[in-house]
Amino acid sequence: MGVLLKIFIPLLGLALAFYFYSAPENFSEEMLRGKRVIVTGASSGIGEQMAYHLARMEAHLLLTARTEAKLQKVVEQCLKLGAASAHYVSGSMEDTMFPEVVVKEAENTWGGLDMLILNHIGYTYFNYFNGDVGHIRKLLEINFLSYVAMTTSALPMLKESEGSIVVVSSMAGKTGAPFSAPYSATKFALDGFFSSLRQEFIIDKVNISVTLCILGYIDTENAVRVVSHAIRDTPAPKEECALEIIKSGALRRRELHYPSQAVGSLLLLRGIAPDFLDSLIRSNYKVENIRR
């Protein structure tokens with residue numbers, strides 16, 4: 001199976017990359033200069049790296065996460081890197097009122113918004129599904145419903161600026177994988193909601209772009225800690241991933257696949273050989289290292 005994987009992944013990745021990205025695109029950091037951007041989940045990992053990239057591009061930043069002390073340090077670094085301005089609001093997305101609080105802060109501070117980057121996630125386990133429906137309900141509140149609530153609150157400002165919504169999702173939101181049923185459920189929900197919303201924007205001639213970011217295994221501290229014992233892959237760099245997310249939002253792409261070759265190949269297989277894809281996914285796990 002490993003040999004087949006090494007043969008199929010590069011070929012399928014190249015085919016899908018050509019299909020999605022054959023049109024010429026010219027990204028420039030000028031696209032983000034002076035733009036007003038909210039980044040959620042910005043105290044660590046991909047969110048933190050997006051904040052630093054945006055700061056170097058001289059954007060205005062409003063960052064959110066649970067831990068205030070970490071956010072303060074990220075904001076300080078963003079100002080050193082050249083951010084036009086940088087602020088934070090700390091709080092938990094478990095609080096159903098918090099998404100509205102964040103958007104209201106952007107309105108009070110800037111009077112508008114150009115880009116909403118939704119990146120936060122709640123804690124979940126990496127193991128066989130244990131039957132805990134309450135955990136899934138809580139995770140849906142954080143990973144899905146708070147995304148909907150923030151988008152809803154931000155829509156008036158985004159309509160005015162003809163801005164962008166960037167949704168950080170996962171391969172787990174495109175195809176099922178073992179040991180991540182609650183997480184996967186929330187990511188599938190994001191795809192359904194935001195893909196439908198994109199259609200409605202087009203019908204109503206609302207010039208807001210929706211970019212769904214389909215990510216593979218990234219070397220964030222949390223991901224490596226949770227899954228490195230059970231996955232054979234080498235994680236991709238969070239710094240590059242963060243930059244690709246920003247570029248995709250600025251270019252108003254429909255989807256980002258990162259790492260492009262690996263994720264693109266798996267998505268193509270999903271449509272033409274789903275059973276084969278499932279077997280490839282299972283072969284990538286060290287099941288013997290998963291303890292119930």
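Predicted model: local features only at pLDDT ≥ 70, side-chain atom pairs only at ≥ 80, totals over all residues.
Start with I38: its bridge partner is L116, over in strand 4.

Seven strands make up an open sheet with parallel pairing, and reading across you get the order 3-2-1-4-5-6-7. At the edges you'll find strand 3 (85-90) and strand 7 (255-258); each has a single partner strand, so one side of each is left without a neighbour in the sheet. On average, and ignoring direction, neighbouring strands here are turned by 15° against each other.

Helix 5 (residues 133-161) packs on it and touches strand 1, strand 4 and strand 5 (164-170). The direction of helix 5 makes about 165° with that of strand 4. Helix 6 (residues 181-203) packs on the sheet too, touching strand 4, strand 5 and strand 6 (209-215). For helix 6, the angle to the direction of strand 5 is about 150°.

Helix 9 (residues 260-272) packs with helix 10 (residues 274-283) at an angle of about 140°, and their axes are 6 Å apart. Angles over 145 degrees would count as roughly antiparallel, and helix 9 and helix 10 are therefore oblique to each other. Who makes the contact? Helix 9 brings L266, L269, R270 and I272, while helix 10 brings P274, F276, L277 and L280. Sorted by class, that gives seven nonpolar residues, no polar ones and one charged.

Methods:
Residues numbered from 1 in each chain as written. Heavy atoms only, no water. Axes fitted to C-alpha atoms, helices over the stretch in contact; angles between N-to-C directions. Helix = DSSP H or I, 4+ residues; strand = E, 2+ residues; numbered from the N terminus. Parallel < 35°, antiparallel > 145°, perpendicular 65-115°, else oblique. Contact = heavy atoms within 4.5 Å. Nonpolar A, V, L, I, M, F, W, Y, C, P; charged D, E, K, R; others polar. Pairing = 2+ DSSP bridges.
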